[in-house]
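This report describes one protein chain.

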Amino acid sequence: ASVSALMDQVTQSEMLASITTLQDLGTRYYNTTAGLSAPATVKALFEAAIGTATGFTVAEFEHDTFDNSAGNAIQVDQDSLIVTLEGTDPSLPRVIFGAHLDSTVSGSLKQNVAPGADDDATGIATLVEMVRILAASGARFQRTIEFQAYAAEEVGLLGSKDIAETYKEQGVKIAGMFQIDMNGYSAEDGDTTIYLISTFTDSVLRQSLKDLLNNYLGGDFVEQALSAGRSDHVSFTDQGYAAVFPFEDPDNFNDQWHSTGDTTDNLNALGLTVRFAKLGLGFASHYGGLTATSSTADVAAEYTAAQATGNESLGNDLKLAVIDTATDGQVNIGVGAPEGIVRVELCVTASATTTQC
């Protein structure tokens, strides 16, 4: 119920506002004046989403010089950004969400016209919306969750490559990396099918997304390879981390990609953008280990009201978590209950249809 409550807060107009803000920079190409200012704009969006909420930090990740695929040195002065929501157990592997903040167009216009509404302002807007909802809800997780906005993706995944390599060198453990790159267009207006890219992604994480889509979002997905092109998840896969990449239709993605026409006027499936944010919140909740939201107080208030009316049926309010242990034949059972419950008894029954211990 708490996960569904988070998903219900996703707001399309909020996401469109973030997309528009980034598009209006004109270009976010990594070495242009506007591109160098793009990280500050993205940082402001994140900070506004966090507001006065505690537990979050926003930091720049500075880059240096890279060799691209052609062996040429590229100086990257555009920063990446990392928003961190600290978990209750810092020793656990992290959960990472990524999107790239730069943009480009084919040909010589990349220096001054690259609106990049779908590629990848939609991805950044999805991250900002997730942060806004988690901040407003007071959500807390066992695992630390990071929201990463990458510089210089369009010239060789350079920002994410630098971060992934640094994390590997530092021994950072990652439970899963969830990349978001283009989610606002469909060949059929309004279609909200999510495509789970099988190329350079982890099969276990893809199955997890299928489960989340089936359990929370009515299914509507296709598993498919991406025949050409790559996104920032590959930087993490290359370092041995498990990654997943939900996407638009890889065979019919935005026909304004890398052009001056990649604007909000040509985003015809913002409902798909909404579903991506909801899927991300589900992934964060289950992989991050959601422990609390403001809905905890709501449950307690409902229980108090039930007591006052003499209706104390609490069956739907008890939550169980069965967790495997390293010891054969043993599991840990966690019980969550509304405020006011001081004793919960577990006993063995003869069948699932009897309450006789």
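Pro338 is found in the segment after β15 (331-336); strands (E, at least two residues) and helices (H or I, at least four) are DSSP runs numbered from the N terminus. With a relative accessible area of 4%, Pro338 is buried. Buried means under 20% relative accessible area, exposed over 50%, and partly exposed in between, with a 1.4 Å probe and protein chains only. The C-alpha atoms of Pro338 and Lys319 are 9.5 Å apart, while the two residues are 19 apart in sequence.

## Basis of the model

The model is predicted: local features need pLDDT of at least 70, side-chain atom pairs count only at pLDDT 80 or more, and totals for chains, interfaces and linings use all residues. Residues are numbered from 1 along each chain as its sequence is written, and side-chain values use heavy atoms, with hydrogens and water left out.

## The chain as a whole

The chain has 357 residues, 48% of them buried, and contains nine helices and 15 strands. Of the contacts between residues at least 6 apart in sequence, 80% join residues at least 24 apart; a contact means heavy atoms within 4.5 Å.

The accessible surface is about 16,200 Å², and carbon and sulfur atoms account for 47% of that area. Accessible areas come from the Shrake-Rupley method with a 1.4 Å probe, and for residues only the protein chains shown count as cover.

## The second largest pocket

The second largest pocket has a volume of about 540 Å³. A pocket is an open set of points on a 1 Å grid over the protein atoms alone, where a 1.4 Å probe fits, with protein on both sides within 12 Å along at least five of seven lines; lining residues have an atom within 4 Å of a point. Points are joined across faces, edges and corners, and the volume is the space filled by probe spheres set on them.

The lining of this pocket comprises 29 residues, and Glu153, Leu157, Gly229, Arg230 and Ser231 lie nearest the centre. Helix α5 (residues 158-170) gives the largest share of the lining, four residues. By type, the lining has eleven nonpolar, nine polar and nine charged residues. Here Ala, Val, Leu, Ile, Met, Phe, Trp, Tyr, Cys and Pro count as nonpolar, Asp, Glu, Lys and Arg as charged, and the others, Gly among them, as polar.

## Salt bridges

How many salt bridges does the structure hold? There are seven, each a side-chain nitrogen of Lys or Arg within 4 Å of a carboxyl oxygen of Asp or Glu. One of them pairs Arg94 with Glu146 at 2.6 Å, N to O. Arg94 lies in strand β5 (residues 94-100) and Glu146 in strand β7 (residues 145-150), so this pair ties together parts 52 residues apart in sequence. Arg94 is partly exposed at 26% relative accessibility, whereas Glu146 is buried at 3%.

Another salt bridge joins Glu129 and Arg132, with the closest N and O atoms 2.8 Å apart. Both are in helix α4 (residues 117-137), three residues apart, so about one helical turn separates them. Glu129 is buried at 2%; Arg132 is partly exposed at 22%. Asp220 and Arg275 also meet in a salt bridge, at 3.8 Å, N to O. This pair links distant parts of the chain, 55 residues apart: Asp220 is in the loop between α6 (203-216) and β10 (221-224), and Arg275 is in helix α8 (residues 270-288).
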